[in-house]
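Work through the exercises below with the sequence and the 3D structure in view. Each task is followed by its solution in steps.

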Amino acid sequence: MLRIGLTGGIGSGKSTVAAQLQALGAGLVDTDAIARQLTAPGGRAMPAIAEAFGTEAVAADGSLDRERMRALAFGDPTAKARLQALLHPLIGEECERQAAAHGDVPALVFDVPLLVESRRWRERVDRVLVIDTSEDTQLRRVVARSGWPADTVRAVITQQATRAERRAVADAVIHNEELGLDDLALSVQSLWQRWVSLGLR
Ligand code: ATP
């Protein structure tokens, strides 16, 4: 079974491509969703977070207080890395549990926004698929979807890996720029044919 790591910047179209791969028969493991579950009220990461950062990092409902965590990270540059170090093993465990639960699928797709930043993640997958989109398009899509101010979206894009860094680790790149959703699906199908049906690189 082929393990595909799917990545791309904010608003590049990862979730859209993930859904198209699922429609072709892939099992999907969404690391963002897993991170949200782990830090939701009663989430498995919450006791360790309370221990490491104090109860002020925990909101009244028992979830991670993201606003407070951002403030902590602002005053203490190690806080973000410590939170990630705490979450990563739990995310890894849950990914493997979900991967096993998918059973006998022809391919497993791991949607990992930080794949380029994490060598450990790249070692867990057989192929890396990068969804590449210009920053203007990312900005337009995210503003349309979330209503965030353009400057907020620009700040997120700046913090993420660059397009060149992503392309450097890619086994395949899908340019999701002028493609409509139907054409995007055709690109995804042709990649599926090559990688999964024919077993080619
Ligand atoms: P995030 O990292 O923020 O979760 P993402 O990379 O998963 O984003 P998507 O949610 O798949 O990106 O796409 C962002 C938005 O752009 C969505 O509203 C999606 O429907 C739209 N979109 C993506 N690709 C296309 C396309 N080829 N044509 C039209 N709309 C698109």
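**Exercise 1.** State the average pLDDT of the chain.

Solution. For the complex, the predictor gives an ipTM of 0.97 and a pTM of 0.93. The model is predicted: local features need pLDDT of at least 70, side-chain atom pairs count only at pLDDT 80 or more, and totals for chains, interfaces and linings use all residues. Residues are numbered from 1 along each chain as its sequence is written.

**Exercise 2.** Find the bounds of the domains and the separation of their centres.

Solution. By an automatic or database assignment, domain 1 covers 1–26 + 106–201 and domain 2 covers 43–104. Taken over C-alpha atoms, their centres are 24 Å apart.

**Exercise 3.** Describe the shell around the ligand.

Solution. Two or more residues each come from α1 (14–23), α7 (135–146) and α10 (181–197), where helices are DSSP runs of H or I, at least four residues, numbered from the N terminus. The largest share, three residues, belongs to α1. By class, five residues are nonpolar (Ala, Val, Leu, Ile, Met, Phe, Trp, Tyr, Cys and Pro), three are charged (Asp, Glu, Lys and Arg) and eight are polar (the others, Gly among them).

Key: Near = placed C-beta within 6 Å. pLDDT = per-residue confidence, 0-100.
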